[in-house]
Amino acid sequence: FVLHVVHIYNQYSMVRVKTRHLTVKVKTSTGVPLQAYQFVTALRKSIDETFGCFGLAQVDSSLHVSQDAVDKTLFKVRCLRETKTMVHGAITFVSQVRDARVVCSVIDMKGVVRSDRFKISRTSKKKRKRKAFESALGK
């Protein structure tokens, strides 16, 4: 009689959920910045129209939108890594929020956000520094 040792793997081991963070710039026709809940409602509607209720069910459980405190036209959209192409595609199809026409463009896509600051292009950073310097000089 030989005793065989069988390793049973734990079915309930922890699984790492990988997310992606998309930085989105939203320009409105009225010039008034959107609120985060308005953008996420339009994004969910776009996902539903583009990919149907199956696509919305895949994305909706992990979709999270936050707005930048300094630049109100920047939004950070967090979603699962597997659904980032669907979310990216749906963002491009968002064309109207309430009565305002909008243009949405994805500026940056990251796997890890190491700070609370949003991705801002280098030219925008230079313009901010220049404005701060000029205001300090009194121009």
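A nonpolar core here is a set of buried Ala, Val, Leu, Ile, Met, Phe, Trp, Tyr and Cys residues joined through side-chain atoms within 4.5 Å. Keep in mind that you're looking at a predicted model.

**Stop 1: the core.** Select Phe39, Leu43, Leu63 and Val77: these have the most contacts inside the largest nonpolar core, which counts 23 residues. Now colour β1 (19-28), α1, β3 (74-80), α2 (84-92) and β5 (100-110), the elements that give two or more residues to this core. The top contributor is α1, with six residues.

**Stop 2: Thr83.** Go to the loop between β3 and α2, where you'll find Thr83. Is Thr83 buried or exposed? Its relative accessible area is 4%, so Thr83 is buried. Skip its neighbours within four places in sequence, and Thr83 is in contact with Gln58 and Val59.

**Stop 3: the largest pocket.** Select Ala42, Lys45, Gln96, Val97 and Arg98, which lie nearest the centre of the largest pocket, among its 13 lining residues. Its volume is about 250 Å³. Both α1 (36-60) and β4 (96-97) supply at least two residues of the lining, and the largest share, seven residues, comes from α1. Colour the lining by class and you'll get five nonpolar, five polar and three charged residues.

Methods: Residues numbered from 1 in each chain as written. Predicted model: local features only at pLDDT ≥ 70, side-chain atom pairs only at ≥ 80, totals over all residues. Heavy atoms only, no water. 1 Å grid on protein atoms, 1.4 Å probe; cavity = no way out; pocket = protein on both sides within 12 Å on 5 of 7 lines; lining within 4 Å. Points joined across faces, edges and corners; volume = space filled by probe spheres on them. Helix = DSSP H or I, 4+ residues; strand = E, 2+ residues; numbered from the N terminus. Nonpolar A, V, L, I, M, F, W, Y, C, P; charged D, E, K, R; others polar. Buried < 20%, exposed > 50% of the residue type's maximum accessible area, 1.4 Å probe, protein only. Contact = heavy atoms within 4.5 Å.
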